[in-house]
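Colleague: I should like to go through this model with you step by step. May we begin with the terms and then turn to the chain itself?

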Amino acid sequence: SKFVDFIRKHQMATDQDKILVGVSGGIDSMVLLQLLTHAGFSVGVAHCNFSLRGEESDADEQFVRYHCLMNGIPVHSIKFNTTEFASENGLSIQVAARELRYTYFNEICKEHKYTRIAIAHNLNDSVETVLINLTRGTGLKGLSGIKPINGNIIRPLLFATRSQIEEYAKLHKILYREDSSNVTLKYKRNYIRHKVMPLLREVNPSADISIYQTAQHLFEAQLLVERQLSQIRKEIVHEGNGRLYFD
């Protein structure tokens with residue numbers, strides 16, 4: 001019920017939408033897929049094999065394809081040489097994977113008439129994003145965390161903590177794959193997840209929720225600023241003869 005309420009609150013999707021679910025095979029995306037199907041939404045699955053973990057990546061792809069086959073869910077999958085793409089374009093592996101993923105998702109949407117793309121980010125992911133941006137230096141936008149909806153991309157699990165998702169998966173016996181890269185500390189996100197957050201929870205056991213709620217307040221402040229700037233822009237900026245004129 002919390003899941004459906006969150007979707008309705010943010011107007012993420014309706015019964016008429018056809019949703020493409022990004023499924024890695026991990027616990028978050030497998031829970032998201034189960035929740036969407038049980039809520040009665042029309043769904044299809046997209047899986048990206050980034051070829052970063054050898055046989056483990058191939059096994060993830062096989063797991064997702066088999067699950068969809070057994071449950072009658074349309075599945076679309078692709079295998080990338082992410083390392084080569086990153087090198088050719090001067091990108092980090094994470095940025096390269098993100099570009100490849102969303103380009104593929106949008107191609108599938110266009111070809112198969114999907115109207116929404118569902119991504120399995122959770123509340124803890126949003127908190128980690130806030131802390132990553134804070135250490136880099138950022139403004140209101142960077143401190144407002146991951147957005148529930150961005151264009152045709154929706155994130156229906158943002159209300160749930162990682163522990164709640166784990167509890168739900170255990171209760172409903174949802175099978176999933178463990179990603180070995182989630183434990184390595186070479187990625188900033190993992191370092192914050194495994195080293196920083198446990199220390200913050202010693203200060204406040206509800207640190208995750210508190211940071212998330214603060215990010216929501218900052219997001220609301222960002223919206224107010226953007227609306228005010230938009231109004232000012234309408235009053236002082238005018239277009240004519242292909243040029244912009246400032247009063």
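Modeller: A residue is called buried under 20% relative accessible area, exposed over 50% and partly exposed in between, with a 1.4 Å probe and protein chains only. This is a predicted model, in which local features need pLDDT of at least 70 and side-chain atom pairs count only at pLDDT 80 or more, while totals for chains, interfaces and linings use all residues. Residues are numbered from 1 along each chain as its sequence is written, and side-chain values use heavy atoms, with hydrogens and water left out.

Colleague: What percentage of the residues of the protein chain count as buried?

Modeller: The accessible surface of the protein chain is about 14700 Å², by the Shrake-Rupley method with a 1.4 Å probe. Carbon and sulfur atoms account for 53% of that surface. Of the 247 residues, the share that counts as buried is 39%.

Colleague: What is the radius of gyration of the protein chain?

Modeller: The C-alpha atoms fill a box of roughly 65 × 50 × 45 Å along the principal axes. The radius of gyration is taken over C-alpha atoms, and the globule rule is 2.2 Å times the number of residues to the power 0.38. For 247 residues a compact globule would have a value near 18 Å, and the protein chain agrees with this at 20 Å.

Colleague: How many helices and strands does the protein chain have?

Modeller: Both kinds of element are DSSP runs numbered from the N terminus: helices are H or I with at least four residues, and strands are E with at least two. By that count the protein chain has 10 helices and 8 strands.

Colleague: How far apart are the end C-alpha atoms of helix H10?

Modeller: Helix H10 covers residues 207-236, which is 30 residues. The expected span of a helix is 1.5 Å times one less than its number of residues.

Colleague: Which helices do the buried residues of H10 pack against?

Modeller: The buried residues of H10 include Ala-207, Asp-208, Ile-211 and Tyr-212. Contact here means heavy atoms within 4.5 Å. The packing partners are helices H1 (2-9), H6 (123-136), H7 (140-143) and H9 (188-203).

Colleague: Which residues is Asn-124 in contact with, leaving aside its neighbours within four places in sequence?

Modeller: Asn-124 lies in helix H6 and is buried, with a relative accessible area of 6%. Its contacts beyond those neighbours are Thr-161, Arg-162, Arg-201 and Asp-208.

Colleague: Which residues does Asn-133 touch, not counting those up to four places away in sequence?

Modeller: Asn-133 also lies in helix H6. Asn-133 is buried, because its relative accessible area is 17%. The residues that Asn-133 touches are Thr-138 and Gly-142.

Colleague: Is Gln-11 buried or exposed?

Modeller: Gln-11 is found in the loop between H1 and strand S1 (18-22). Although not a glycine, Gln-11 has a positive phi of about 50 degrees. With a relative accessible area of 67%, Gln-11 is exposed.

Colleague: And is Lys-173 buried or exposed?

Modeller: Lys-173 is found in the loop between helix H8 (162-171) and H9. Its phi is near 55 degrees, a positive value in a residue other than glycine. At 71% relative accessibility, Lys-173 counts as exposed.
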